[in-house]
Amino acid sequence: MKVKLLRYTADPELLCGAAALTSSQSGHPSEMLEKMDLEKARKIVKRVTGYGHMSVIEHASFTFSLEDVSRAMTHQLVRHRIASYTQQSQRYVKYDALKSYVIPPSINANQEAKKLFNETLERISETYNKLLEMGIPKEDARYILPNAAKTNIVVTMNARELRHFFNLRCCTRSQWELREVATEMLRQAKKVAPSLFENAGPSCVELGYCPEGKMKPPECNIEEIKKRFKSL
Ligand SMILES: Cc1cc2nc3c(=O)[nH]c(=O)nc-3n(C[C@H](O)[C@H](O)[C@H](O)COP(=O)(O)OP(=O)(O)OC[C@H]3O[C@@H](n4cnc5c(N)ncnc54)[C@H](O)[C@@H]3O)c2cc1C
């Protein structure tokens, strides 16, 4: 699995700071942006988002490449609707079931489960290739492919949607692969725009309590989770 921040809005913090000032000052936003410095922008963003006015950080977008991830993971990712996606097509790209799959750690750590998993992938690969040889188009042969199939996807979200995505997907309750991807996305986004992602992470980091109620995993220690995400 590889996560790479490809591009993001130029000067994201300056831009969101100038946008935030626009609501309370009489000058032109273009002049506010010209006069804005990082220290001032960070203060303004912190203050305004602290009031809950999160729309000001929608002006900054971040585009990530998620590479060699599973179709099981991307199926969950694309449920997030305030985003743009472009994914490798199984209609056009031939799939190599013996090389391109993600093996979950629980299966990898269990010799018997791993053997069964690999044998099944071999059967799938054999059937997929046989279907293609029979003249079945890739778009139909792919119906035999597993959730473990590797894929590449490009995703763009604005900072507000990213924060919401991190609330849900950096959480211990989220599925392991998507949680790893989301946590790495947060680490990279925070590096280039710290004020937009201050206190970002699973819901408990922002709220100070777990909103999952009875579903809260017993192993969750909110103070430890907060510390971990603050130092990302
Ligand atoms: C731990 C976990 C378990 C899950 N289990 C399941 C499951 O078993 N089955 C399943 O189907 N899904 C499951 N999901 C997916 C979940 O139901 C959501 O579809 C997914 O997390 C996207 O969340 P969202 O709708 O808040 O986000 P986004 O689509 O990113 O939307 C962001 C926000 O915009 C607003 N919004 C967006 N679109 C609309 C709209 N049409 N109308 C009104 N407001 C809108 C909402 O406020 C929303 O929170 C699970 C998610 C998690 C984190």
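Which residue stands opposite Val-154 in S4? That would be Thr-86, and I'll get back to that pair in a minute.

Okay, some housekeeping. Residue numbers start from 1 along each chain, following the sequence as written. What you're looking at is a predicted model, where local features need pLDDT of at least 70, side-chain atom pairs count only at pLDDT 80 or more, and totals for chains, interfaces and linings use all residues.

So, the overall picture. The protein has 11 helices and 4 strands; those are DSSP runs, H or I with at least four residues for helices, E with at least two for strands, numbered from the N terminus. Along the principal axes, the C-alpha atoms fill a box of roughly 70 × 45 × 25 Å. There's a domain 1, made of 2-85 + 151-202, and a domain 2, 100-148, with bounds from an automatic or database domain assignment. Their C-alpha centres sit 35 Å apart.

Of the 232 residues, 28% count as buried. Buried here is 20 or more other C-beta atoms within 10 Å of a residue's own, exposed is 12 or fewer, partly exposed is in between, and the C-beta atoms are placed from the backbone. As for contacts, meaning C-beta atoms, placed from the backbone, within 7 Å: take those between residues at least 6 apart in sequence, and 73% of them join residues at least 24 apart.

Now the sheet. It's open, with 4 strands in the order S1-S2-S4-S3 and antiparallel pairing. The edges are S1 and S3 (84-87), each pairing on one side only. On average, neighbouring strands are turned by 20 degrees against each other, direction ignored. Pairing needs at least two DSSP bridges between two strands; S3 and S4 (residues 150-158) have 4, in the antiparallel sense. And there's our opening pair, Thr-86 opposite Val-154.

Helix H9, residues 176-192, lies across S1 and S2 and runs at about 35 degrees to S1. For that angle, axes are lines fitted to C-alpha atoms, for helices over the stretch in contact, and angles go from 0 to 180 degrees between N-to-C directions.

On to H1, residues 12-22, which is mostly covered: 10 of its 11 residues are buried. Among what covers them are S1 (2-8), H2 (29-35) and H3 (38-50). In H8 (residues 159-169), the buried ones are Ala-159, Leu-162, Arg-163, Phe-165, Phe-166, Asn-167 and Arg-169. Their cover includes S2, S4, H9 and H10 (203-207).

Asp-11, in the loop between S1 and H1, has a positive phi of about 45 degrees without being a glycine. Asp-11 is partly exposed, because 16 other C-beta atoms lie within 10 Å. The other is Asp-68 in S2 (residues 61-70), with a positive phi near 55 degrees. Asp-68 has 12 other C-beta atoms within 10 Å, so that one counts as exposed.

Last, the ligand. Around it we find Arg-79, His-80, Arg-81, Ile-82, Glu-161, His-164, Leu-168, Arg-173 and Ser-174, where near means a C-beta atom, placed from the backbone, within 6 Å. By class, that shell has 2 nonpolar, 3 polar and 4 charged residues. The classes are Ala, Val, Leu, Ile, Met, Phe, Trp, Tyr, Cys and Pro as nonpolar, Asp, Glu, Lys and Arg as charged, and the others, Gly among them, as polar.

That's my bit, thanks.

How values were computed: Two residues are in contact if their C-beta atoms, placed from the backbone, lie within 7 Å.
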